[in-house]
Amino acid sequence: MRYFVSLTVVLAVLWLGLSGVYKPLLFGLGAASIVLVVWLTERMEVLGAEHDPATLPWRLPVYWVWLMWQVIKSNIAVARAVLDPRRIEPMLVELPADQRTRVGRVTYGNSITLTPGTVTTRLETDGDGIQIHALLPEAAEDLRRGEMARRVRWLEGDG
């Protein structure tokens, strides 16, 4: 039950923070969507100790700020590549996905996809590999250095 309460609180705070409009109708729609998400989470049996949102109260915003900075830097790099197409060298890269949990591996894959110029094309949920399509060599090199993987492991509570 604790997991459902923490998920409800996290979703409510996120919704209130992102919505910015506080009218009765929108409160009702927000509450209904939160109830629907919590119910679907319970039906899919994906909430538990491994997926407890309450375990990441301060790490998650720190990670989001870092990820937003990566997105901004990647946007600039892709924009420069559009202006000078000779820089574009598409490639597939195989990397380890050594996060502790499935949620960590999915977070890693989604973070890569959110970063312009890179897309996760395959994620082995039972294994420890991830395949990425990178538009620019420097994007592939950044991923090979492993900073994003290290940050996601930190988000999971390692380090």
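In which helix does Ser 33 lie? In this predicted model, for which local features require pLDDT of at least 70 and side-chain atom pairs count only at pLDDT 80 or more, totals for chains, interfaces and linings use all residues. Residues are numbered from 1 along each chain as its sequence is written, and side-chain values use heavy atoms, with hydrogens and water left out.

Ser 33 is located in helix α2 (residues 24-44), where helices (H or I, at least four residues) and strands (E, at least two) are DSSP runs numbered from the N terminus. Ser 33 counts as partly exposed because its relative accessibility is 32%; buried denotes under 20% relative accessible area, exposed over 50%, and partly exposed the range in between (1.4 Å probe, protein chains only). Between Ser 33 and Trp 58, the separation is 25 residues in sequence and 24 Å in space, C-alpha to C-alpha.

An open sheet is formed by three strands in the order β1-β3-β2, with antiparallel pairing; two strands pair if DSSP finds at least two bridges between them. β1 (91-96) and β2 (118-123) are the edge strands, each pairing on one side only. From one strand to the next, the twist averages 30°. Five bridges join β2 and β3 (residues 129-134) in the antiparallel sense, and Thr 118 has Ala 134 in β3 as its bridge partner.

Two helices lie across β1, β2 and β3: α4 (residues 102-114), running at about 150° to β2, and α5 (residues 137-145), running at about 5° to β1. Axes are lines fitted to C-alpha atoms, for helices over the stretch in contact, and angles run from 0 to 180 degrees between N-to-C directions. Contact means heavy atoms within 4.5 Å.

Beyond its neighbours within four places in sequence, Leu 95 contacts residues including Tyr 108, Ile 130, Ile 132 and Leu 143.

α4 and α6 pack at about 140°, their axes lying 10 Å apart. α4 is therefore oblique to α6. The contact involves Gly 104, Thr 107, Tyr 108, Ser 111 and Ile 112 of α4, together with Met 148, Ala 149, Val 152, Leu 155 and Glu 156 of α6. Angles under 35 degrees count as roughly parallel, over 145 as roughly antiparallel, 65 to 115 as roughly perpendicular and the rest as oblique.
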